[in-house]
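Please read the following note with the sequence and the structure at hand. The points proceed from the overall fold to individual side chains.

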Amino acid sequence: MLAEAASIGGPAEIWQHIVADFSNISEPAALAAFGQVLMIDLLLAGDNAIVVGALAAGLPAADRKKVIMIGIGAALVLRIAFALMVTWLLGIVGLIFAGGLLLLWVAWKFWRELHHSGQSAGSPEIEGDEESGLHAAKSFAGAAWAVAVADVSMSLDNVLAVAGAAREHPGILIVGLLLSVVLMGVAANFIARYIERYRWIAYLGLVVILYVALKMIYDGWVDPHLGISTLF
């Protein structure tokens, strides 16, 4: 339940959660949760790179590289910060419901991006951002601000989506959050390239995010401890 997942504990308890969940990873519920977390992490890491590249595309090469580095660095820091706050976030009444609504918007955004033709020239440093449907920023300051705002949104999306998919499996939740940070830091551009080349990955990820969003909305309403219904 949500209340149980909101109490992850210290290092010893965290390790016990990881061992417990992954020793039973062959169980359908645990395997499904891990599969959902993995797909969410892959898709959102790739999308983060695509958005950063598209927003920086209109800048000179030197400024473009700086904005991309700022974007990826900020995404790393924000994912770590939100991951460290996940216990607190999960304990807020109504946030799981709000997170589900936020993920519905993310799913709609993905759908729109998959059907847009390129409004951005794309950055040479990032593959797959040509079809993002995003307008490139006109100045370094504008690009840096747009990337910062996008990073906050996407990092919160990532953490809430992972929490929503694995909240009944604290060990998988922890590993999923760590994995999201690693993927953003070392493989975001690689993932973006494959999402662009193999579009079915994006559609599969879209289905997973939509499922998690709807489940979060339902649980965020009916949960006896943290659901919206407790406010009435």
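The numbered points below concern the fold, the surface and the aromatic pairs.

1. The model under review is predicted. Its protein chain contains 10 helices and zero strands, and the pattern along the sequence accordingly reads α-α-α-α-α-α-α-α-α-α.

2. The protein chain has 232 residues, of which 49% count as buried.

3. Contacts between residues at least 6 apart in sequence deserve attention: in the protein chain, 81% of them join residues at least 24 apart.

4. Three aromatic pairs are found in a search of the whole structure. One of them is formed by Phe97 and Trp221; this pair is tilted, with 5.8 Å centre to centre and 55 degrees between the planes. Phe97 belongs to helix H6 (residues 95–114) and Trp221 to helix H10 (residues 199–222), so the pair ties together parts that are 124 residues apart in sequence.

5. Are the two partners buried or exposed? Phe97 counts as buried because its relative accessibility is 19%, and the cut-off for buried is under 20%. Trp221, at 41% relative accessibility, counts as partly exposed.

6. Trp111 and Tyr203 form an edge-to-face aromatic pair, at 6.3 Å centre to centre and 75 degrees between the planes. Since Trp111 lies in helix H6 and Tyr203 in helix H10, this pair ties together parts that are 92 residues apart in sequence. Trp111 counts as partly exposed at 46% relative accessibility, and Tyr203 counts as partly exposed at 34%.

How values were computed:
Residues numbered from 1 in each chain as written. Predicted model: local features only at pLDDT ≥ 70, side-chain atom pairs only at ≥ 80, totals over all residues. Heavy atoms only, no water. Helix = DSSP H or I, 4+ residues; strand = E, 2+ residues; numbered from the N terminus. Buried < 20%, exposed > 50% of the residue type's maximum accessible area, 1.4 Å probe, protein only. Contact = heavy atoms within 4.5 Å. Phe/Tyr/Trp six-rings, centres within 6.5 Å; stacked < 30°, edge-to-face > 60°.
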